[in-house]
Amino acid sequence: MFRLQGSRTLAVDLTGDAVKAKNGSMVAYDGRMTFKKMTGGGDGLRGMVTRRLTGEQMTVMEVKGQGTCYFADRASEITLVSLHGDTLYVEASNLLCTDAGLRTGTSFTGLRGGATGNGLFTTTVEGTGQVAITSDGPAVALRVSAQYPLFVDPGAYVAHQGSLRQHFQSGVNHRVLMGEGSGESFQIRFEGEGLVYVQPSERNTIGGDV
């Protein structure tokens, strides 16, 4: 069972089962635990282990045992997401921990402004179970409906779930070029029905300002 200890530490109660977590994210545990670094591409993990297009490497560990294990990542805020046979799309750097039974992989999402650390691919988590994601500041879940599309700055995007279509678009116009615009030159447009998780902080992106 996943539960939060405060807002920046994840507690996972294990009864002989396992979870997959970001390597090095364990901060404490009680009981009996084993930790196994996962370096292969089994169970769709190839996309999580090495993201060659961005130069980012992310290693995953399997934690198994009896007791409680605590996870954290650089004092980031943690949000719990429950999946019920659906898919969560999440930036690899924001994925902290998943139930071991969830399938993970990589999905091509198109140009996203060349954000440092997120690039062209997004990690997918599929199945039924719990996921813990991190954010720079408390994440906000924004609902998208067919009547109201959502526009998100690429640097603030964390994850999304539901029946959503996303399009990367430029907001450049003559006002931006003249220095009178908002400074938000690129956005991701989400359409459909679902939730988008955003953080109150922006990664540095290429093209964030013109």
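Arg 189 and Glu 191 form a salt bridge, with 2.5 Å between the closest N and O atoms. The model is a predicted one. Arg 189 counts as partly exposed, at 23% relative accessibility.

Glu 191 also forms a salt bridge with Arg 165. Here the closest N and O atoms are 3.7 Å apart. This pair links distant parts of the chain. Glu 191 sits in strand β14 (residues 186-198) and Arg 165 in strand β13 (residues 157-170), 26 residues apart. Arg 165 is partly exposed, with a relative accessible area of 48%.

## Confidence

The average pLDDT of the protein is 82. A score of at least 70 is reached by 74% of the residues. Residues 40-56 fall below 50. Even so, the model gives this stretch 45 contacts beyond near neighbours in sequence.

How many of the 12 residues of strand β6 are buried? The count is 9, so this strand (residues 60-71) is largely enclosed by the rest of the structure.

Strand β2 (residues 9-22) runs antiparallel to β6, and 11 bridges join the two. Within this pairing, Ala 18 stands opposite Lys 64 of β6. Strand β3 (residues 26-38) pairs with β6 as well, over 12 bridges and again in the antiparallel sense. There, Phe 35 stands opposite Val 63 of β6.

## Nonpolar cores

In soluble globular proteins, nonpolar side chains tend to be buried together. In this model, the largest nonpolar core has 15 residues. Those with the most contacts inside it are Leu 10, Val 12, Val 19, Val 63, Phe 71 and Cys 97. Which elements give two or more residues to this core? They are β2, β6 and β8 (95-99). Strand β2 gives the most, with 5 residues.

Leu 10 has contacts well beyond its neighbours within four places in sequence. Its partners there are Phe 2, Arg 3, Leu 4, Cys 69, Tyr 70, Phe 71, Ile 78, Leu 80, Leu 96, Cys 97 and Ala 132. Another core, of 13 residues, lies apart from the largest one. Val 81, Leu 95, Ile 133 and Leu 195 are among its members.

## A buried charged pair

The structure holds 6 salt bridges. One of them joins Asp 73 to Lys 22, with the closest N and O atoms 2.9 Å apart. Asp 73 lies in the loop between β6 and β7 (77-90), and Lys 22 lies in strand β2, so the pair ties together parts that are 51 residues apart in sequence. Are these two residues buried or exposed? Both Asp 73 and Lys 22 are buried.

A network of salt bridges links Lys 22, Asp 73 and Arg 74. Arg 74 is exposed, at 72% relative accessibility.

Strand β2 holds another lysine, Lys 20. Lys 20 is buried, since its relative accessible area of 6% is under the 20% cut-off. Where does the side chain of Lys 20 reach? At 2.9 Å, the side chain meets the backbone oxygen of Leu 102.

Most residues other than glycine have a negative phi. Arg 74 is not a glycine, yet its phi is positive, at about 55 degrees. Arg 74 is placed in the loop between β6 and β7.

Ala 75 is found in the loop between β6 and β7 too. Ala 75 is likewise not a glycine and has a positive phi, of about 60 degrees. At 46% relative accessibility, Ala 75 counts as partly exposed.

Notes:
Residues are numbered from 1 along each chain as its sequence is written. This is a predicted model: local features need pLDDT of at least 70, side-chain atom pairs count only at pLDDT 80 or more; totals for chains, interfaces and linings use all residues. Side-chain values use heavy atoms; hydrogens and water are left out. pLDDT is the predictor's confidence in each residue, from 0 to 100. Contact means heavy atoms within 4.5 Å. Buried means under 20% relative accessible area, exposed over 50%, partly exposed in between (1.4 Å probe, protein chains only). Helices (H or I, at least four residues) and strands (E, at least two) are DSSP runs, numbered from the N terminus. Two strands pair if DSSP finds at least two bridges between them. A nonpolar core is a set of buried Ala, Val, Leu, Ile, Met, Phe, Trp, Tyr and Cys residues joined through side-chain atoms within 4.5 Å. A salt bridge is a side-chain nitrogen of Lys or Arg within 4 Å of a carboxyl oxygen of Asp or Glu. A polar contact is a pair of N or O atoms within 3.5 Å; within protein, one must be able to donate a hydrogen and the other to accept it, and residues adjacent in sequence count only if both atoms are side-chain atoms.
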